[in-house]
Amino acid sequence: MLDESIRELESRCLARIASAATPEELEAARVEALGRKGGLAQTGKDMGKLAPEERKRIGQSLNSAREKLEQALEAKKGQFAEAALRGRLDAEWIDLTLPPPGPHRGHLHPITRIQREFEELFASLGFTVLDGPEVETEYYNFDALNIPASHPARDMQDTFWLHGGNLLRTHTSPVQVRGMERLGPPLRMIAPGRTFRNESVDASHEHTFYQLEGMMIDRQVSVANLIHFMKAMLTAVFRREVIVRLRPGFFPFVEPGFELDVQCLLCGGSGCPVCKQSGWVEQLGCGLVHPNVLRTSGIDPEEWNGFAFGLGLTRLAMMRYEIDDIRWLQSGDLRFLEQF
Ligand code: 2NL
């Protein structure tokens, strides 16, 4: 009779242990099987009434049942612990081979990047890269460039004049004037940098913008030489062969002077919104340096001549990166800058 109820108790408790789905259910099964008020303890209570032989046999079978249940409990507990560990390992792993995030790295402004590109290109062609003051005298910004005293560029509306007669340079030409004085002929130089005009600011006009001017002075420099260098420069910048055309253009510091257009890179010349259906996009101004400009800076125009050009880096950056409002470039707005 007792044998049977021990076996029954054992198999019932084993089944509960096996079906426990959580550590809490397993604990309840343990209390039910091995606890002080549990089945085995209750059964053991009646042992005193048994004959010694019987008591020994029942005692052994109780012990064996207890051992089996304890083993089953331990095994199940181990399973839960292992599952919990696996869960934590899945949820909490970190990849120690990943590089650390480190500080947030900045980068160059899109205009600076274009400027550096030009500097490297022209340095490779034998040009010296010159820098110069942003606050200039009237002489270097206007007089030395054959710009007449009456020229509208000198107007209050176009130029930021400073107290004492100086001004913010309206182009980087004064750097080239200083370059002619200092280097003497023959020379090759470029003058990239920040320039200022007294503009009403809107989507396409800024008071502060970037320019690149360049000049080559030697014996018998021709318009063919000029076109060669302009094509080399534009091919490098646009990273493809470009078709150019010259139109007459007036700048007091060159003679003859030209506007140079590139056949539209978007439509190939057939007409589109970017070229305003003309097939051509204006790129830069250029020409052969005016003899007055050479003479003023101590270069004999009978012996030497040269070409010069000027282009807007700001406009080029806007075209290259499809920026539709010039004001973004000086805004300092990281939402804009982080896109480059
Ligand atoms: C333009 C036109 C140009 C020059 C700049 C230059 C400088 C000296 C002597 C002669 Cl010191 N010329 N520079 C020549 C032709 C055109 O720029 O539209 N720039 C954005």
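Trainee: What should I know before we start?

Mentor: This is a predicted model, where local features need pLDDT of at least 70, side-chain atom pairs count only at pLDDT 80 or more, and totals for chains, interfaces and linings use all residues. Residues are numbered from 1 along each chain as its sequence is written, and side-chain values use heavy atoms, with hydrogens and water left out.

Trainee: Which residues come nearest to the ligand?

Mentor: There are 18 residues around the ligand, and Glu213, Phe253, Gly285, Ala308 and Gly310 come nearest. A residue counts as near if one of its heavy atoms lies within 4 Å of the molecule.

Trainee: How much of the ligand does the protein cover?

Mentor: On its own the ligand has 490 Å² of accessible area, and the protein covers 88% of that. Such areas come from the Shrake-Rupley method with a 1.4 Å probe.

Trainee: Which classes do the shell residues fall into?

Mentor: Twelve are nonpolar, five polar and one charged. Asp, Glu, Lys and Arg count as charged, Ala, Val, Leu, Ile, Met, Phe, Trp, Tyr, Cys and Pro as nonpolar, and the others, Gly among them, as polar.

Trainee: Which pocket does the ligand take up?

Mentor: The ligand's space is the largest pocket, with about 1200 Å³. A pocket is an open set of points on a 1 Å grid over the protein atoms alone, with protein on both sides within 12 Å along at least five of seven lines, and lining residues have an atom within 4 Å of a point.

Trainee: What lines the largest pocket?

Mentor: It has 44 lining residues, and Arg197, Phe209, Gln211, Phe251 and Gly312 lie nearest its centre.

Trainee: How much space lies in the second largest pocket?

Mentor: About 860 Å³. Of its 28 lining residues, Val274, Val281, Arg315, Met318 and Met319 are closest to the centre. The lining divides into 15 nonpolar, four polar and nine charged residues.

Conventions
1 Å grid on protein atoms, 1.4 Å probe; cavity = no way out; pocket = protein on both sides within 12 Å on 5 of 7 lines; lining within 4 Å. Sits in = over half its atoms within 2 Å of the grid points. Points joined across faces, edges and corners; volume = space filled by probe spheres on them.
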